[in-house]
Each structure stands twice: as structure tokens, then as C-alpha cells.
Amino acid sequence: MQSRLRVQGHPIQPMLVTFPYGLFVSAVIFDLADVLGGPVFLGEVGYWSAVAALVAAALAAVAGMVDLWDVPGDRTRRTAITFNLVNLAMAGLFLLACLIRAPQNGASPVLLATELVALAIGAVGVRLGARLVRRFDEGRAEATTFDALGGVPGPSAEIIRPRP
């Protein structure tokens, strides 16, 4: 089974998911530094990092929904749906934290705790996502040398139509 949305034969959704996770972690680090007494601007940087992560999460969710169409109705489908719901819960908690505070206000300990809970939920999503990537790429041979990566024929991005 392969993803519909691919770039050079690699699924797009696992690539997109790394951006919100990384930005959410960055937001928590900036907010932690702000709560611990760092410079005032760190709270604002944490806020905008969370906002950028929410935008990236929306893009990753769209790619995830497209891939969900082709997942067979077995355990893999349940894992994919759970993965998307876990990511939605994480993004929802960060959205709540962003809506509660204004960009110029620093983070509070309660908001930081909410963000840490969201990251813990996101850790479950990472585990589920790793399981899905292994399922989607089952039986696929990877290039083992740099020479194999050069000169890939065909289009660099493609959308695969489902087989009847």
C-alpha cells in the first residue's frame, strides 16, 4: 500500500507532520524560558511558533485525509484514524492555549502545563505515525547508495489515482 500524495516516490504526509511537531516543541521551549524568567520577547516567539505549528498541522491534516481514503478497512485504518484524532487533540490544546493568551502576553504556568499535556498526547501520535509509515512502505526497497538517488526518471511530484 502506498500513499496517494508523493514526492519522488516518498509519501508527503509524514514529511509534513514533522513541521507541526517541531514547532510545537519549539513553542513549549520558548514558553518555558519565558515562565522561568527569560526575556519578555520569548513568550511572543513561543506564541507565534504555536500559531505557525497550527497552520502546518492543518496542511498535514489535509494530506492525512487524502491518504486515509486508500487505507484498507482493517487495523491499519483504525491506526490511521486514531493517529489523526490524536494529532487533532494535540492541535486543539495548542489552539486553546493560543486563543486564551494574546501574542504580547507571556506564557503562564497553566498554559505551559496545557502545552506539556498536548506534547504528551503528540508523543502518542508520533508512535502511531511511525507504525503507519512502516505499514505504508512495507515491501518497498530503498536506495542504499547516493548513486541510486541521482537521476530519478519521471516527475518529481505525483498524485496516484486509486486502483479499481
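A crossing of two helices is called left-handed if the near helix is turned anticlockwise from the far one by less than a right angle, and right-handed if it is turned clockwise. The exercises below use this idea on a predicted model.

**Exercise 1. Describe the overall make-up of the protein: how many helices and strands are there, and in what pattern do they follow one another?**

Begin by counting the elements, which gives 5 helices and 3 strands. Then turn to burial: of the 164 residues in the protein, 34% are buried. Finally, consider the contacts with a separation of 6 or more, of which 79% are between residues 24 or more positions apart.

**Exercise 2. Work out how α1 and α3 are arranged: what are the angle and the distance between their axes, and what is the hand of their crossing?**

Two packed helices are described by the angle between their axes and the distance between the axes. For α1 and helix α3, which comprises residues 75-100, the angle is about 30° and the axes are 12 Å apart. The two helices are therefore roughly parallel, because an angle under 35 degrees counts as such. The hand of the crossing, in which α1 passes α3, is left-handed. On the α1 side the contact is made by Gln13, Val17, Tyr21, Phe24 and Val28, and on the α3 side by Phe83, Asn87, Met90, Ala91 and Phe94. Sorted by class, this contact holds 8 nonpolar and 2 polar residues, with no charged ones.

**Exercise 3. Decide whether α1 and α2 are roughly parallel or roughly antiparallel.**

Helix α2 comprises residues 41-68, and α1 and α2 pack at an angle of about 160° with their axes 7 Å apart. Angles over 145 degrees count as roughly antiparallel, and α1 and α2 are therefore roughly antiparallel to each other. The crossing of α1 past α2 is left-handed. The residues of this contact divide into 21 nonpolar, 5 polar and 3 charged.

**Exercise 4. Describe α3 and its packing with α2: what are its expected span, the angle between the two helices and the residues that meet?**

The 26 residues of α3, at 1.5 Å a residue, should span 38 Å, and the end C-alpha atoms are 37 Å apart, which agrees. Between α2 and α3 the angle is about 160°, with the axes 10 Å apart, and the two helices are therefore roughly antiparallel to each other. The crossing of α2 past α3 is left-handed. Among the α2 residues that meet α3 are Tyr47, Val51, Leu54 and Met65, while the α3 residues that meet α2 include Ile81, Asn84, Phe94 and Leu95. By class, the contact of α2 with α3 has 13 nonpolar residues, 2 polar and 1 charged.

**Exercise 5. Classify Thr79, Leu95 and Pro103 as buried, partly exposed or exposed.**

Start with Thr79, which is found in helix α3. Its relative accessibility is 9%, so Thr79 counts as buried, the cut-off being under 20%. Leaving aside neighbours within four places in sequence, Thr79 is in contact with Leu128, Arg131 and Leu132.

Leu95 also has its place in helix α3, but with a relative accessible area of 41% it is partly exposed. Although Leu95 and Val51 are 44 residues apart along the chain, their C-alpha atoms are separated by 7.9 Å.

Pro103 lies in the loop between α3 and α4, and with a relative accessible area of 21% it is partly exposed. In sequence Pro103 and Gly46 are 57 residues apart, whereas in space they are 8.8 Å apart, C-alpha to C-alpha. Not counting residues up to four places away in sequence, Pro103 touches Glu44, Tyr47 and Trp48.

How values were computed:
Residues are numbered from 1 along each chain as its sequence is written. This is a predicted model: local features need pLDDT of at least 70, side-chain atom pairs count only at pLDDT 80 or more; totals for chains, interfaces and linings use all residues. Side-chain values use heavy atoms; hydrogens and water are left out. Axes are lines fitted to C-alpha atoms, for helices over the stretch in contact, and angles run from 0 to 180 degrees between N-to-C directions. Helices (H or I, at least four residues) and strands (E, at least two) are DSSP runs, numbered from the N terminus. Angles under 35 degrees count as roughly parallel, over 145 as roughly antiparallel, 65 to 115 as roughly perpendicular and the rest as oblique. Contact means heavy atoms within 4.5 Å. Ala, Val, Leu, Ile, Met, Phe, Trp, Tyr, Cys and Pro count as nonpolar, Asp, Glu, Lys and Arg as charged, and the others, Gly among them, as polar. Buried means under 20% relative accessible area, exposed over 50%, partly exposed in between (1.4 Å probe, protein chains only). The expected span of a helix is 1.5 Å times one less than its number of residues.
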